Amino acid sequence: NKKKAKAGWLYAFKCYGDCVIQGQKYSIFKVGYSRRSHPSKRLMEFMGPAKPVELLHMHLTEDPKKAEKQILTGLRENPNIHQIKDIGREYFACPSMQYFDECVSDLFARYIKTALVGVSQPRRRSARIAAYRRKRK
């Protein structure tokens with residue numbers, strides 16, 4: 001019997017730090033996953049140059065580990081995006097945030113399977129307030 005993979009969040013963000021490759025300035029990005037119910041807590045744990053500056057993508061998926069592996073492979077195969085192995089296997093350098101965002105969007109669309117219905121996404125505070133007010137009427 002194979003264990004069913006636990007759903008989780010796959011994310012991509014721009015890091016605080018930059019790097020220089022062959023005299024050109026590159027922004028640093030990270031792609032990763034978390035199985036926590038609130039992935040924002042995981043994102044707040046990053047410190048220093050790996051600290052998130054801008055969240056590009058966050059999607060709930062059935063098998064985040066498998067999707068992450070496929071996306072990392074897709075990024076490594078792109079000649080315009082450089083893996084930064086000194087920091088970690090999930091870190092990449094790209095001269096354009098727009099280009100990286102477009103590449104990651106394509107890869108996310110290709111490899112992410114929507115999470116199971118039983119997994120709830122966090123609701124916005126305003127949605128909770130509106131639901132509460134509707135009940136009180």
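**View 1. Ser27 stands opposite Cys94 in β5.** The model is predicted, so that local features need pLDDT of at least 70 and side-chain atom pairs count only at pLDDT 80 or more, while totals for chains, interfaces and linings use all residues. Residues are numbered from 1 along each chain as its sequence is written, and side-chain values use heavy atoms, with hydrogens and water left out. Four bridges join strand β2 (residues 24-34) to strand β5 (residues 91-94), and the two run antiparallel; strands are DSSP runs of E with at least two residues, helices are runs of H or I with at least four, and both are numbered from the N terminus.

**View 2. Five strands form an open sheet in the order β3-β1-β2-β5-β4, with antiparallel pairing.** Two strands pair if DSSP finds at least two bridges between them. Because β3 (52-61) and β4 (82-83) stand at the edges with a single partner strand each, one side of each is left without a neighbour in the sheet. Helix α2 (residues 64-76) packs on the sheet, touching β1 (8-21), β2, β3, β4 and β5, and its direction makes about 160° with that of β2. Contact here means heavy atoms within 4.5 Å, and axes are lines fitted to C-alpha atoms, for helices over the stretch in contact, with angles from 0 to 180 degrees between N-to-C directions. Helix α3 (residues 97-111) also packs on the sheet, where it touches β1, β2, β3 and β5, and its direction makes about 10° with that of β3.

**View 3. The rings of Phe29 and Phe100 are stacked, with centres 4.1 Å apart and planes at 10°.** Rings of Phe, Tyr and Trp (its six-membered ring) pair if their centres lie within 6.5 Å, and planes under 30 degrees apart count as stacked, over 60 as edge-to-face and the rest as tilted. Since Phe29 lies in strand β2 and Phe100 in helix α3, the pair ties together parts that are 71 residues apart in sequence. Phe29 counts as buried at 0% relative accessibility (buried means under 20% relative accessible area, exposed over 50%, partly exposed in between, with a 1.4 Å probe and protein chains only).

**View 4. Cys94 is buried at 0% relative accessibility, and Cys103 is buried at 14% relative accessible area.** A search of the whole structure finds zero disulfides, a disulfide being a pair of cysteine sulfur atoms within 2.5 Å. The sulfur of Cys103 is 6.6 Å from the closest cysteine sulfur, in Cys94, which is too far for a bond.
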